[in-house]
Amino acid sequence: APLRDGGREMGARSGTPGARVYRTYGRWGYRGWERTIRSTPSVNGLSETYTWPYVGLGANGVLRRRGRWQWNADLQLREPVRPKVRIDFRGLYDSSTVRPAALPGFRLALPLTYRLSPTTGVTVTPYWDFWRLGKSDVNTLYQSGVPVGTVHEPASRTSSPGVSLQVYARY
């Protein structure tokens, strides 16, 4: 299932023209994805939808500049805000929502930019996202409104390497 992640940043720069530039910033965003666990002969399948807003603090700095090339490093610490997991048992039990514990994560990126002109360029960014969620509280599991057991989400972590491509034009 597709991963959904988006947000906004606001920050401040420091440095002098022609020298190394450093930027600190804050970020707020939203993350979500769906996971389907297939049925087996002994276990009925289910679907889980993970969602949470998050806040982050980051720093970005120029590692190297040469001609039209620039290589940066970007590190962002992120904290989920009230994460939740909706569990759909596909009719076997009533759907349930659990709230895993919010644990800090991070994103490390190494953007490499080539300026085509003073206002246009291309950036290739290899990155690594790392998220952690702690075990949720135990909830009552229902079948047609009748309590039949308990359900919880175990602690988990997600490690997602990737590469993004950006073509930009500033006006």
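Biologist: Leaving aside its neighbours within four places in sequence, which residues is Trp52 in contact with?

Modeller: Trp52 is in contact with Gly29, Tyr30, Arg31, Trp33, Pro80, Val81, Arg82, Pro83, Trp131 and Leu133. Contact means heavy atoms within 4.5 Å. This is a predicted model, in which local features need pLDDT of at least 70 and side-chain atom pairs count only at pLDDT 80 or more, while totals for chains, interfaces and linings use all residues. Residues are numbered from 1 along each chain as its sequence is written, and side-chain values use heavy atoms, with hydrogens and water left out.

Biologist: What are the pLDDT values for the protein chain, and where is confidence lowest and highest?

Modeller: The pLDDT, which is the predictor's confidence in each residue from 0 to 100, averages 90 over the protein chain. Of the residues, 90% score at least 70. Confidence is lowest in strand 1 (residues 4–14), with a mean of 69, and highest in strand 7 (residues 101–109), at 97. Strands (E, at least two residues) and helices (H or I, at least four) are DSSP runs, numbered from the N terminus. Where pLDDT is low, the predicted coordinates should not be read in detail.

Biologist: What makes a set of residues a nonpolar core, and which residues have the most contacts inside the largest one?

Modeller: A nonpolar core is a set of buried Ala, Val, Leu, Ile, Met, Phe, Trp, Tyr and Cys residues joined through side-chain atoms within 4.5 Å. Buried means under 20% relative accessible area, exposed means over 50%, and partly exposed is in between (1.4 Å probe, protein chains only). The largest core has 13 residues, and those with the most contacts inside it are Tyr50, Trp52, Val85, Ile87, Phe89, Val98 and Val151. Two or more residues each come from strand 3 (46–66), strand 5 (84–88) and strand 9 (120–134). Strand 3 gives the most, with 4 residues.

Biologist: Why is the pair Arg35 and Glu48 called a salt bridge?

Modeller: A salt bridge is a side-chain nitrogen of Lys or Arg within 4 Å of a carboxyl oxygen of Asp or Glu. For Arg35 and Glu48 the N to O distance is 2.6 Å, so the pair meets the definition. Arg35 is in strand 2 (residues 22–37) and Glu48 is in strand 3, 13 residues apart.

Biologist: How do you know whether Arg35 and Glu48 are buried or partly exposed?

Modeller: Glu48 has a relative accessible area of 6%, so Glu48 is buried. Arg35 is at 37%, and therefore counts as partly exposed.

Biologist: How many salt bridges does the structure hold, and which residues are linked in a network?

Modeller: The structure holds 3 salt bridges. Arg78, Arg107 and Asp129 are linked in a network. Asp129 forms a salt bridge with Arg78, the closest N and O atoms being 3.4 Å apart. That pair links Asp129 in strand 9 with Arg78 in strand 4 (residues 69–80), 51 residues apart. Asp129 also meets Arg107 in a salt bridge, at 3.4 Å from N to O. Here Arg107 is in strand 7, 22 residues from Asp129.

Biologist: Why is Asp129 called buried?

Modeller: Asp129 has a relative accessible area of 6%, so Asp129 is buried. Arg78 is buried too.

Biologist: Which residue is exposed and which is partly exposed, Arg90 or Ser144?

Modeller: Ser144 is at 68% relative accessibility, so Ser144 counts as exposed. Arg90 is at 40%, so Arg90 counts as partly exposed. Arg90 is in the loop between strand 5 and strand 6 (96–98), and has a positive phi of about 55 degrees although it is not a glycine. Ser144 is in the loop between strand 10 (139–143) and strand 11 (146–151). Phi of Ser144 is also positive, near 55 degrees.

Biologist: Why is Pro111 called buried, and where does Pro111 lie?

Modeller: Pro111 has a relative accessible area of 13%, so Pro111 is buried. Pro111 lies in the loop between strand 7 and strand 8 (112–115). Leaving aside neighbours within four places in sequence, the contacts of Pro111 include Gln70, Trp71 and Thr123. The C-alpha atoms of Pro111 and Gln70 are separated by 8.2 Å, and the two residues are 41 apart along the chain.
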